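Let's take a walk through a protein model together, one stop at a time. Have the structure open and follow along.

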Amino acid sequence: MSGYDVIVIGGGPGGYVAAIRAAQLGLRPAVVEREHLGGICLNWGCIPTKALLRSAEVYRLAIDGARFGVTGDAPGFDAARIVARSREAAGRLNAGVGFLLKKNKIDVIWGEATLLGKGEVKVGPPTKPPVTPQLPAPKTTLGEGVYSAKHVVIATGARPRALPGLEPDGRLVWTYFEALKPERFPKSLLVVGAGAIGVEFASFFRTFGVEVTLVEALPQILAVEDAEIAAFARKSFEKQGIVIKTATTVAALEKKEDSVIATLKGADGATQRLEVERVLSAAGVVANVENLGLEPLGVALERGVIKTDGLGRTNVAGVYAIGDVAGGPMLAHKAEHEGVLCVEAIAGMNPHPLDKSLVPGCTYCHPQVASVGLTEEKAKAAGYEIRVGRFPYLGNGKAIALGEPEGLVKTIFDKETGRLLGAHLVGAEATELIQGFVIAMNLETTEEELMHTVFPHPTLSETMHESVLDAYGRVIHT
C-alpha cells in the first residue's frame, strides 16, 4: 500500500489536469489509467476529429481554388494519409500528457481501479483490451495493488451509447472509433444522431464525396443549439448535399455482406428503406460508472451519472467526480475546469462552483457552430423580456475577403438590465470567436460596454459587435 493525498481515476482531460493542479498545490497525486493517457478526447475525440476536419477544410479550399484565382489540376486525396495524420496528432499529444505527468512528478498506475472504501483503491488488470493498441502503453512506475489516498477523484469519462438494434459491430455499424480510422471511405453513410459528433462526421465524409444521410429523432438537428442557428446550419448542410431527416428513427437494420439496409420511420409512422455501405451510430454517450465499487459505498447516481455539487463532491466524504462521469455538458473543457475546481476545494482554497451556463459549446462542422448561455427559447421560458440582435456574415468585409459569407451571429440580452444572456454563432471560425462572448458573460459585461468596445477591422469579430448593436437598433452595416 502506498499513500497519496489524491488518487485520480482516469487520465483524460479532467483527470490529468486535476492531478497536475494537485501537484502545483503541493499535494501528492497519482493517476490510475486503464487504457491511454489523454482519454477519449485526445485519443478518439477532440484532437483526431479536428485533424480530420482540417484535412477536409484544406481539400474543400483546394477544389474551390479557381474561385480564388488559384488554378491547376483537380486535387485528389489520400484517405489513408488523412487517417494516419489524425492518429499521429493523437499519438503526439498522448506522449505529451505522459511528459507533463512525469514533469510534475505524478505517479501513473496502469490498470483498472475499484474503490474499496476508507480511502483505499484497488488496481487490477483492465477488464477489456485497449481500444488503441497502436499507441504505446504509458510508462508506469507502479502496477496492480492496493493504494490509499485521503481523497479519490473519479474521472472515468464516457463511451458511445449503443441503441437497441443499432449495436456496433466494428465493420458495418460504426461508433466514432471506427469512423476515425476507416480502411477506406465508404460510398454512402447513414449517420444516426445529429448532435455535435454526428454533424461533424457528416460534414467530414460529405466533403470527400460520401453520400451522407443524417437522421435525428428530435425535430431539430443540434438540439442544444438555438433553433434559428440550427435551422441556418441545416440549410447549409443540405446545400452541400447532406440528406437530413429529422423526427425520424431507425426502426430496423438488415446487414448484408458489405452494406446495410436501414428502415427509417418518420413521426407519421411512414417508413422508408435506405441501403448504405456503412452506418455510424452517434446517438450520444453514457458515463463509465460500472465496476468502480460505487454501489457498496453508497455513492449516489442520478440519470446514469455520479451526482455532485459544483465542486465535484459526491454524497460520500472523500469521494469526488468530474468530467463526463459527473454529467453534462460532456465536454473536455468543462472536465478540465471541474478538475481544477475540485482539487482547489480539496486544498481548502474555496473556489467558486462551476456555472454550467457559462460553458461554451462548439461543433467543428462546415460551417462551424458555437454558443454560450441561453437560447432565445430558453430565455423566454425563464421569464426574461429580451432584446435579440442578429448580424449576417454577408455584411462583414473579412468574411467576404475570405470567401466565407455564409454565417450568422445572434445575441440575446435582458431588456431590463442589459445583461448578455446568450450568444450563438454559425459560420467561419465561430468556435474561436465564441470565447469573446464567454469572457464578456463571465465579467458580467453589459450591452453598453460591448457597444463601446473597439473591435479590430477587418476581422470576423466585427460581426459580434454588429450583432450587439443590432439588439439596440444601432447596427451599421445592414
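Start at serine 259, whose side chain makes a polar contact with the side chain of glutamate 275, at 2.8 Å. (A polar contact is a pair of N or O atoms within 3.5 Å; within protein, one must be able to donate a hydrogen and the other to accept it, and residues adjacent in sequence count only if both atoms are side-chain atoms.) Before going on, keep in mind that this is a predicted model: local features need pLDDT of at least 70, side-chain atom pairs count only at pLDDT 80 or more, and totals for chains, interfaces and linings use all residues. Residues are numbered from 1 along each chain as its sequence is written, and side-chain values use heavy atoms, leaving out hydrogens and water.

So where does serine 259 sit? You'll find serine 259 in the loop between β12 (248-255) and β13 (260-266). Helices (H or I, at least four residues) and strands (E, at least two) are DSSP runs, numbered from the N terminus. Serine 259 has a relative accessible area of 10%, so it counts as buried (buried is under 20%, exposed over 50%, partly exposed in between, with a 1.4 Å probe and protein chains only). Leaving aside neighbours within four places in sequence, serine 259 is in contact (heavy atoms within 4.5 Å) with Leu172, Glu254, Glu275, Val276 and Glu277.

Now for a nonpolar core, meaning a set of buried Ala, Val, Leu, Ile, Met, Phe, Trp, Tyr and Cys residues joined through side-chain atoms within 4.5 Å. The largest one has 42 residues, and Phe185, Phe204 and Phe205 touch the most other members. Helix α6 gives the most to this core, with five residues. Look around phenylalanine 185: beyond its neighbours within four places in sequence, its contacts include Phe77, Ile82, Phe204 and Phe205. Apart from this core lies another, of 27 residues, among them Phe413 and Ala471.

Next, which residues make the contact between α1 and α9? Pro13, Tyr16 and Val17 are among those on α1, while α9 brings residues including Ala332, Gly339 and Val343. The axes of α1 (residues 13-24) and α9 (residues 332-346) come within 8 Å and cross at roughly 30°. The two helices are therefore roughly parallel to each other (that label covers angles under 35 degrees).

Finish at leucine 443, in the loop between α12 (430-442) and α13 (447-451). Is leucine 443 buried or exposed? Its relative accessibility is 63%, so leucine 443 counts as exposed.

Note on methods
Axes are lines fitted to C-alpha atoms, for helices over the stretch in contact, and angles run from 0 to 180 degrees between N-to-C directions. Angles under 35 degrees count as roughly parallel, over 145 as roughly antiparallel, 65 to 115 as roughly perpendicular and the rest as oblique.
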